[in-house]
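User: I would like to learn how to read the features of a protein model. Can we go through one together?

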Amino acid sequence: MRYADEATGLTVEGRARTVVGHSGDYEEWGVSGLVRLDPGAAGLGLALSVRPAWGETASGVERLWQTGIAPQASRQSGRLEARVGYGMALLGGHFTGTPEMGVGLSEAGREVALGWTLGLAETRRVSIHFGLEATRWEPANDNAAPENRIGLNAIMRW
């Protein structure tokens, strides 16, 4: 189920899914939601998203076709992902800069991300975005060491 208001940029979404194998040997389920505030095509202003999820929210059915009926799917615990950013006009309005912060929480651990996206201001023919993000993953298991990552991406659409 989904509700979207283009005038305000608000989207509220809820999803539920279940898969049951032929003989009952395989079952998976998942429930997820989304609340998002989108600044629109120009990317200026507040961008916010919150995603709670329980169970398997993406399908693992392809395992059935590759390996036959799988054992009972592991039921993942609840997860929560939140992201906030604010798009600002830069260099006379020719570019949009968006500092962003994200947090992910689950029983497996937590992840904190800081990033910056720079994009060519809205054009009708070409869209270009460059992003840099630093992420720290801290597992809930004290035996595992935290992981630090830096990612760089570039997207061009024409």
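Analyst: We will take the features one by one, general idea before case. This is a predicted model, so local features need pLDDT of at least 70, side-chain atom pairs count only at pLDDT 80 or more, and totals for chains, interfaces and linings use all residues. Residues are numbered from 1 along each chain as its sequence is written, and side-chain values use heavy atoms, with hydrogens and water left out.

User: How many helices and strands does the protein have, and what pattern does it follow along the sequence?

Analyst: Start with the definition. Helices (H or I, at least four residues) and strands (E, at least two) are DSSP runs, numbered from the N terminus. Here the protein has 1 helix and 9 strands. Along the sequence they read β-β-β-β-α-β-β-β-β-β.

User: How do I read burial, and what share of the residues is buried?

Analyst: Buried means under 20% relative accessible area, exposed over 50%, and partly exposed in between (1.4 Å probe, protein chains only). Of the 158 residues in this protein, 23% are buried. Total area is another reading. Accessible areas come from the Shrake-Rupley method with a 1.4 Å probe; for residues, only the protein chains shown count as cover. The protein exposes about 11,000 Å². Carbon and sulfur atoms supply 59% of that area.

User: What share of the contacts joins residues at least 24 apart?

Analyst: Contact means heavy atoms within 4.5 Å. Take the contacts between residues at least 6 apart in sequence: 46% of them join residues at least 24 apart.

User: Which residues show this for Val84?

Analyst: Val84 lies in strand E5. Its relative accessible area is 36%, so Val84 is partly exposed. Set aside neighbours within four places in sequence, and Val84 is in contact with Leu46, Ala47, Leu48, Pro99, Glu100 and Met101. Val84 and Leu48 are 36 residues apart in sequence, yet 4.5 Å apart in space, C-alpha to C-alpha.

User: And where does Ile128 lie?

Analyst: Ile128 is in strand E8. Ile128 counts as partly exposed, at 23% relative accessibility. Beyond neighbours within four places in sequence, Ile128 is in contact with Leu118, Gly119, Leu120, Ile155 and Met156.

User: How many salt bridges does the structure hold?

Analyst: A salt bridge is a side-chain nitrogen of Lys or Arg within 4 Å of a carboxyl oxygen of Asp or Glu. The structure holds 7. One of them pairs Glu138 with Arg110, the closest N and O atoms being 2.7 Å apart. Glu138 lies in strand E8 (residues 127–139) and Arg110 in strand E7 (residues 109–120), so this pair ties together parts 28 residues apart in sequence. Glu138 is partly exposed at 24% relative accessibility. Arg110 is partly exposed too, at 45%.

User: Which residue does Glu111 pair with?

Analyst: Glu111 forms a salt bridge with Arg149, with the closest N and O atoms 2.8 Å apart. This pair links distant parts of the chain: Glu111 in strand E7 and Arg149 in strand E9 (residues 147–157), 38 residues apart. Glu111 is partly exposed at 28% relative accessibility. Arg149 is partly exposed at 38%. Elsewhere, salt bridges that share partners join Arg2, Glu13 and Arg15 into one network.

User: In the Arg15 and Glu13 pair, which residue is buried and which is exposed?

Analyst: Their closest N and O atoms are 2.7 Å apart. Glu13 is buried, with a relative accessible area of 15%. Arg15 is exposed, at 54% relative accessibility.

User: How do the residues lining the second largest pocket divide into nonpolar, polar and charged?

Analyst: Ala, Val, Leu, Ile, Met, Phe, Trp, Tyr, Cys and Pro count as nonpolar, Asp, Glu, Lys and Arg as charged, and the others, Gly among them, as polar. The lining here divides into 6 nonpolar, 6 polar and 6 charged residues.
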